[in-house]
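Welcome, and thanks for taking a look with me. Below are some notes to read with the model open beside you, one point at a time.

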Amino acid sequence: MRFEVLLMKPTVYIETSVLSYLTAQPSRDLVVAAHQQTTSDWWHRKRHDFDLYASQLVVLEAGRGDPEAAEKRLNVLKTLALLETSTAAEKLAKKLLDQRIFPPKAADDALHVGIATVNGMNYLLTWNFKHIAKAETRDAVERISRESGYEPPIICTPEELLGE
């Protein structure tokens with residue numbers, strides 16, 4: 001009898017900012033343009049190394065704004081599996097808000113973290129440096145997630161997963 005080991009790909013929760021950089025018109029701002037190029041490089045060369053997920057929250061956010069830009073973001077989302085926004089994810093997000101890891105105006109960002117964490121994602125991919133991809137936030141997310149019984153995802157940018 002032969003046993004095959006199924007190797008699962010690492011899982012990645014794609015936060016809305018990644019879709020925005022991926023589908024936006026090229027920016028004249030050098031930093032934004034570099035992030036756009038890095039996102040495109042990761043998407044075209046590395047995304048197949050991972051199982052990609054988003055959530056209904058990402059769909060909601062991606063559908064906002066300019067209708068043409070929203071349509072581009074939503075078309076990319078059609079290729080991703082969607083994770084549930086469970087009560088557990090909402091509770092974890094509330095803890096992150098209650099402990100002031102995220103300000104009240106960033107409740108959706110806390111919920112992205114809650115969804116990715118509760119669903120056992122390996123990575124949370126984002127360009128949101130204001131609330132999500134900050135050293136202090138990462139440390140606190142890890143601590144609170146573990147205190148709540150979850151292994152947190154690695155919060156990172158596409159550049160960090162490009163591996164070059």
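1. Let's begin with helix H4, which spans residues 67–77; its buried residues are Ala 70, Arg 73, Val 76 and Leu 77. Looking down the axis of H4, you will find these buried residues within an arc of 125°, so they line one face of the helix. Pro 67 and Glu 68, on the other side of H4, are exposed. Please keep in mind throughout that this is a predicted model.

2. What lies over the buried residues of H4? The cover includes helix H1 (16–23), helix H2 (30–45), strand E2 (51–55) and helix H3 (56–62). While you are here, have a look at the start of H4 too: a side-chain oxygen of Asp 66 comes to within 3.2 Å of the backbone nitrogen of Glu 68.

3. Next, the sheet. It is an open sheet of 5 strands, paired in parallel, and its order is E3-E2-E1-E4-E5. Strand E3 (81–83) and strand E5 (154–156) are the edge strands, each pairing on one side only. On average, neighbouring strands of this sheet are turned by 35° against each other, direction ignored. As background, strands of a sheet pair through backbone hydrogen bonds, and the pairing can be parallel or antiparallel.

4. On one flank, E1 pairs with E2 in the parallel sense over 3 bridges. Here Thr 11 stands opposite Asp 51 in E2, and the bridge partner of Val 12 in E2 is Leu 52.

5. E1 also runs parallel to E4, and 3 bridges join these strands. Across this pairing, Tyr 13 stands opposite Leu 124 in E4.

6. Which residues have the most contacts inside the largest nonpolar core? They are Ile 14, Trp 42 and Phe 102, in a core of 45 residues. Helix H6 (residues 107–118) gives the largest share of this core, 5 residues.

7. Leaving aside residues up to four places away in sequence, Ile 14 touches Leu 19, Trp 42, Leu 52, Tyr 53, Ala 54, Val 58, Leu 80 and Leu 125. One of these contacts, Trp 42, is also among the core residues named in the previous point.

8. Is Thr 126 buried or exposed? Thr 126 lies in the loop between E4 and helix H7 (135–147), and its relative accessible area is 0%, so it counts as buried. Its side chain makes a polar contact with the side chain of Ser 17, at 3.3 Å. Beyond four places in sequence, Thr 126 touches Glu 15, Ser 17, Val 18, Ile 132, Ala 133, Ile 155, Cys 156, Thr 157 and Pro 158.

9. Thr 38 is another threonine to find, this time in helix H2. With a relative accessible area of 15%, Thr 38 falls under the 20% limit and is therefore buried. Its contacts, again not counting residues up to four places away in sequence, are Trp 127, Pro 158, Glu 159 and Leu 162.

10. Finally, please visit Lys 46, in the loop between H2 and E2. Its relative accessibility is 23%, so Lys 46 counts as partly exposed. Lys 46 and Leu 161 are 115 residues apart in sequence, yet their C-alpha atoms are 7.9 Å apart in space. Lys 46 touches Asp 41, Leu 161 and Leu 162, leaving out residues up to four places away in sequence. Leu 162 is also one of the residues that Thr 38 touches.

Conventions: Residues numbered from 1 in each chain as written. Predicted model: local features only at pLDDT ≥ 70, side-chain atom pairs only at ≥ 80, totals over all residues. Heavy atoms only, no water. Buried < 20%, exposed > 50% of the residue type's maximum accessible area, 1.4 Å probe, protein only. Helix = DSSP H or I, 4+ residues; strand = E, 2+ residues; numbered from the N terminus. Arc of directions from axis to C-beta. Contact = heavy atoms within 4.5 Å. Polar contact = N/O pair within 3.5 Å; in protein donor to acceptor, adjacent residues only side chain to side chain. Core = buried A, V, L, I, M, F, W, Y, C linked by side-chain atoms within 4.5 Å. Pairing = 2+ DSSP bridges. Axes fitted to C-alpha atoms, helices over the stretch in contact; angles between N-to-C directions.
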